Amino acid sequence: MSGWDELDRFLLTDPRDVGCDEAIRLLHVYADVVLAHGRDHAVARYPGIAAHFLACGPCREDLEGLLLAAGG
Ligand SMILES: [Zn+2]
């Protein structure tokens, strides 16, 4: 196994990524934490969901929409 293979895999898929279903299921929980404690706290608390929002445009848009609607 070469370092480049590892790097490629890291860039393509984050192993912590929970996937769309879980991200959407916990979207409002994640948004609540962002609004209450800030994004850094949400990332630290839910790294798998944060990884998914980084990787998945549609889910990230849902999150941003929710934060916007909530005034965050
Ligand atoms: Zn997604």
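1. Let's start with helix α5, residues 47-55, where I49, A50, H52 and F53 are buried. Looking down the axis of α5, these buried residues sit within an arc of 160 degrees, so they line one face of the helix. The elements that cover them include α2 (20-25), α3 (27-37), α4 (39-45) and α6. Please keep in mind as you read that this is a predicted model.

2. Now a step back to the whole chain. Of its 72 residues, 15% are buried. If you take the contacts between residues at least 6 apart in sequence, 71% of them join residues at least 24 apart.

3. How far can you trust the coordinates? The average pLDDT of the protein chain is 88, and 82% of the residues score at least 70. Among the elements, helix α1 (residues 3-12) has the lowest mean pLDDT, 61, while α3 has the highest, 97. Where pLDDT is low, predicted coordinates should not be read in detail.

4. Just after the helix, G38 takes a positive phi of about 100 degrees.

5. Which residues form the largest nonpolar core? There are ten of them: A23, Y30, A31, V34, A42, Y46, I49, A50, F53 and L63. Helices α3 and α5 each supply at least two residues of this core. As general background, nonpolar side chains in soluble globular proteins tend to be buried together.

6. Helix α6 gives you a simple check to follow. At 1.5 Å a residue, its 13 residues (57-69) should span 18 Å, and its end C-alpha atoms are 18 Å apart, which agrees. Just after α6, G71 takes a positive phi of about 85 degrees.

7. While you are at α6, find D62, which lies in this helix. Is D62 buried, exposed or partly exposed? D62 counts as partly exposed because it has 17 C-beta neighbours inside 10 Å. Leaving aside neighbours within four places in sequence, D62 is in contact with I24 and L27. D62 and H28 are 34 residues apart in sequence, and their C-alpha atoms are 9.9 Å apart in space.

8. With 14 other C-beta atoms within 10 Å, P47 is partly exposed, whereas I49 and A50 of α5 are buried. P47 and V18 are 29 residues apart in sequence, with their C-alpha atoms 9.0 Å apart in space.

Terms used: Residues numbered from 1 in each chain as written. Predicted model: local features only at pLDDT ≥ 70, side-chain atom pairs only at ≥ 80, totals over all residues. Helix = DSSP H or I, 4+ residues; strand = E, 2+ residues; numbered from the N terminus. Expected span 1.5 Å × (residues − 1). Buried ≥ 20, exposed ≤ 12 C-beta atoms within 10 Å, placed from the backbone. Arc of directions from axis to C-beta. Contact = placed C-beta atoms within 7 Å. Core = buried A, V, L, I, M, F, W, Y, C linked by C-beta atoms within 7 Å. pLDDT = per-residue confidence, 0-100.
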